[in-house]
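Work through the exercises below with the sequence and the model in view. Each task is followed by a solution in steps.

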Amino acid sequence: MKPQPATRPDWTIDQDWHSYTATEHATWKTLFERQTQLLPGRACDEFVQGMRDLPMGAAEIPNFARLNEVLMPRTGWQIVAVPGLVPDEVFFEHLANRRFPAGQFIRKPHELDYLEEPDVFHDVFGHVPMLMNPAIADFIQAYGVGGLRAQKLGKLAHLARVYWYTVEFGLVQQDEGLRIYGAGIASSYAESIFALQDASPNRVAFDLPRVMQTDYRIDDFQETYFVINSLDDLLELAKIDFAPLYAQVVGLPDIAAGQLSAQDRLFSRGTGSYHAKSK
Ligand code: HBI
Ligand code: FE
């Protein structure tokens with residue numbers, strides 16, 4: 001991560017909405033329209049509802065102040081603009097105070113399908129509709145508080161996996177079938193299809209110690225997706241004291257991203273074909 005010149009100690013910057021160019025708004029429009037026609041039947045009901053209730057559309061990159069007028073009364077969260085990835089402790093401090101750091105920049109037209117730092121489309125299109133849901137709102141704040149503690153305990157890696165396999169790449173069960181709630185999937189055209197329909201990845205029932213031991217990919221589709229029964233399951237997670245869990249997993253070996261374990265409750269056993277090709 002190339003540390004940007006930190007303007008403020010908390011790494012926030014002004015969104016400076018009027019500085020976006022027509023090209024940048026056009027990039028947002030392309031991404032928004034493509035994802036919006038893909039997500040019905042793939043995104044969970046809470047995502048669709050959250051998006052419907054927000055002043056967010058295709059024409060322009062949303063103005064964070066306008067989004068905050070709706071988001072804050074709903075769940076107490078606000079979006080703050082940052083230049084990109086911020087140091088872990090800065091990130092957790094914001095989350096613990098219901099401030100969601102969103103990339104102020106948008107990807108370049110040639111980066112439509114992949115970029116390594118979260119930009120405004122990943123953060124605002126992917127995460128903000130879920131921040132309108134009380135369970136997710138409480139869970140991400142608990143993650144911030146937990147992150148600050150986990151750092152002191154040297155257990156950050158275990159906790160970061162929980163965030164990764166839920167808030168970023170989580171699937172949830174609905175009557176009609178599996179649906180997306182993770183922002184990393186919801187903001188990605190190809191992964192929205194891969195995560196739900198491809199035969200390659202494993203889909204496994206979420207189990208907290210199992211997830212805490214499981215490695216993940218940061219540069220490609222996930223090899224395994226974890227499924228919760230309902231977003232309210234995350235509320236239970238938010239209440240758990242992770243310290244005894246850290247003790248339980250600390251001596252155990254990590255589980256590779258594509259590996260299954262005997263206790264797994266499987267929704268689907270993946271073929272692994274996608275990642276076998278790219279090895
Ligand atoms: N910074 N802006 C931003 N967004 C993130 O998602 C983010 C971050 N810094 C650290 C981080 N995520 C992860 O390393 C932590 O969840 C562990
Ligand atoms: Fe994210």
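**Exercise 1.** Decide whether Tyr 216 is buried, partly exposed or exposed, then describe its pairing with Tyr 165.

Solution. Buried means under 20% relative accessible area, exposed over 50%, and partly exposed in between (1.4 Å probe, protein chains only). Tyr 216 has 27% relative accessibility, so Tyr 216 counts as partly exposed. Tyr 165, at 0%, is buried. Rings of Phe, Tyr and Trp (its six-membered ring) pair if their centres lie within 6.5 Å; planes under 30 degrees apart count as stacked, over 60 as edge-to-face and the rest as tilted. For Tyr 165 and Tyr 216 the centres are 6.3 Å apart and the planes at 85°, an edge-to-face pair.

This model is predicted: local features need pLDDT of at least 70, side-chain atom pairs count only at pLDDT 80 or more, and totals for chains, interfaces and linings use all residues. Residues are numbered from 1 along each chain as its sequence is written, chains are lettered from A and ligands numbered from 1 in the order in which they are written, and side-chain values use heavy atoms, leaving out hydrogens and water.

**Exercise 2.** Find how many aromatic pairs the whole structure has, and classify the pair Tyr 143 and Tyr 163.

Solution. The search gives 19 aromatic pairs. In the pair of Tyr 143 and Tyr 163, the ring centres are 4.3 Å apart and the planes at 25°, so the pair is stacked. Tyr 143 is buried at 7% relative accessibility, and Tyr 163 is buried at 6%.

**Exercise 3.** Which residues do ring pairs link into a cluster?

Solution. The cluster consists of Trp 28, Phe 32, Phe 47, Phe 121 and Phe 125.
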